[in-house]
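Please take a moment to look over the sequence and the model shown here. The explanation below them is meant to be read alongside both.

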Amino acid sequence: MAVTVKTFASAGEAAGALSSDRSARYLGGGTLVMRALNEGDVSVSTIVRARDQALTRIDASGPRVTLGAGVSFARVLAERDLAFLHAPARSIGGPAVRNMGTVGGNLFAPNPYGDFTVALLALDATIAVQGSFGARDIAIEEFLQSRERQSGALVLSVSCTRPASAEAFRYRKIARIKPKGGSVITLAAHLPVSGGRIAGARIALGSMAPTQIRAKGAERALEGRSLDAATIAAAASAASEGTSPSDNALGSAWYRREIVGVHLRRLLSGQE
């Protein structure tokens, strides 16, 4: 089947093309769309591209960082001001994938991928999208819950909280093949501290549900407490609450439930 490629000067035009054609897919870095085409996905008949420079813009000057949806992981790694995102970006594939893969595309990556999105979920990200409804900002949790319905909209950018310190944000990916393998489990924790106690804890998990999710039981165990051994143990015990992992070649659902608390304890304790 022939595939038509349409290239537009602006993101708005590209968004219009996506919303008017259910068989259209946006091509950013191509690590997801081109794989689907190469594997014979006949649901895609139109590829939409945009040359809009706003899609590759980075604003790291304030308390919230904004990344254009077309920013690659190699770009993230090259930015000193984005040091807190280097570990998540470095965990994405090998150099070739990091050169092409984009922040916006990772939002749609299925399990066992989408590791960067785990970090964004922990950092309370907001997704700017444009579609037939116009342009709007969506909280990342809402976006992920309706991800399958976002195919007719174009992601413009992602903004997230800048952690107050290096210790406030932690990230870990558990993989069989390091560093580029698919995730057995991915964990990220944002632990703001006020007066020596955690205020606004966010723990995010990858490969523990159909999409990335927050470990709300673990968050409740941390909230308002100091990060001591007892608090960490309570959070680890609650880590699997509300999860629904699946079986795949990297690990069973049972295995994931068994180890998520172990790795959350290590993450919170600063253990390698």
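What follows leads through the domains, their sheets and their helices in turn.

This is a predicted model, in which local features need pLDDT of at least 70, side-chain atom pairs count only at pLDDT 80 or more, and totals for chains, interfaces and linings use all residues. Residues are numbered from 1 along each chain as its sequence is written, and side-chain values use heavy atoms, with hydrogens and water left out.

The protein chain is divided into domain 1 (4–50), domain 2 (54–161) and domain 3 (170–269); these bounds come from an automatic or database domain assignment. The centres of domain 1 and domain 2, taken over C-alpha atoms, are separated by 18 Å. Between these two domains, 13 residues of domain 1 are in contact with 17 residues of domain 2, where contact means heavy atoms within 4.5 Å.

The account of the sheets begins with strands and their pairing. Helices (H or I, at least four residues) and strands (E, at least two) are DSSP runs, numbered from the N terminus. Strands of a sheet pair through backbone hydrogen bonds, either parallel or antiparallel; here two strands pair if DSSP finds at least two bridges between them.

An open sheet of three strands has the order 1-3-2, and its pairing is parallel. Strand 1 and strand 2 are its edge strands, each pairing on one side only. From one strand to the next, the twist averages 25 degrees. Helix 1 packs on this sheet and touches strand 1, strand 2 and strand 3, its direction making about 165 degrees with that of strand 3. Such angles run from 0 to 180 degrees between N-to-C directions, and the axes are lines fitted to C-alpha atoms, for helices over the stretch in contact.

Within this sheet, strand 1 (residues 4–8) is joined to strand 3 by five bridges, and the two run parallel. Thr 7 has Arg 49 of strand 3 as its bridge partner, while Phe 8 stands opposite Ala 50 in strand 3. Strand 2 (residues 24–26) runs parallel to strand 3 as well, joined to it by three bridges; here Ala 24 has Thr 46 as its bridge partner. Strand 2, helix 2 (residues 33–38) and strand 3 together make a right-handed β-α-β unit. A crossover is right-handed if, with the strands pointing away from the viewer, the path from the first strand over the helix to the second runs clockwise.

How enclosed is strand 3 (residues 46–50)? Four of its five residues are buried, so strand 3 is largely enclosed by the rest of the structure. Buried means under 20% relative accessible area, exposed over 50%, and partly exposed in between (1.4 Å probe, protein chains only).

A second open sheet is formed by five strands in the order 4-5-8-6-7, with antiparallel pairing. Its edge strands are strand 4 (58–59) and strand 7 (134–139), each of which pairs on one side only. A hairpin joins strand 4 to strand 5 through four residues. Strand 4 and strand 5 (residues 64–68) run antiparallel and are joined by two bridges: Ile 58 stands opposite Leu 67, and Asp 59 stands opposite Thr 66. Strand 5 also pairs with strand 8 in the antiparallel sense, over five bridges, and there Thr 66 has Ser 159 as its bridge partner. Helix 1 (residues 11–19) lies across strand 6 (126–131) and strand 8 (154–161), running at about 115 degrees to strand 8.

Strand 9 (residues 169–175) runs antiparallel to strand 10 and is joined to it by seven bridges; Ala 175 stands opposite Ser 183. Strand 10 also pairs with strand 13 (residues 202–206) in the antiparallel sense, over five bridges, and Leu 187 has Leu 205 of strand 13 as its bridge partner.

Helix 10 (residues 229–237) has the buried residues Thr 231, Ile 232, Ala 235 and Ala 236. Seen down the axis of helix 10, these residues fall within an arc of 135 degrees, so they line one face of the helix; the arc is that of the directions from the helix axis to the C-beta atoms. The buried residues of helix 10 pack against helix 9 (216–222) and helix 11 (253–269). The face turned away from the buried side carries the exposed residues Ala 229, Ala 230 and Ser 237.
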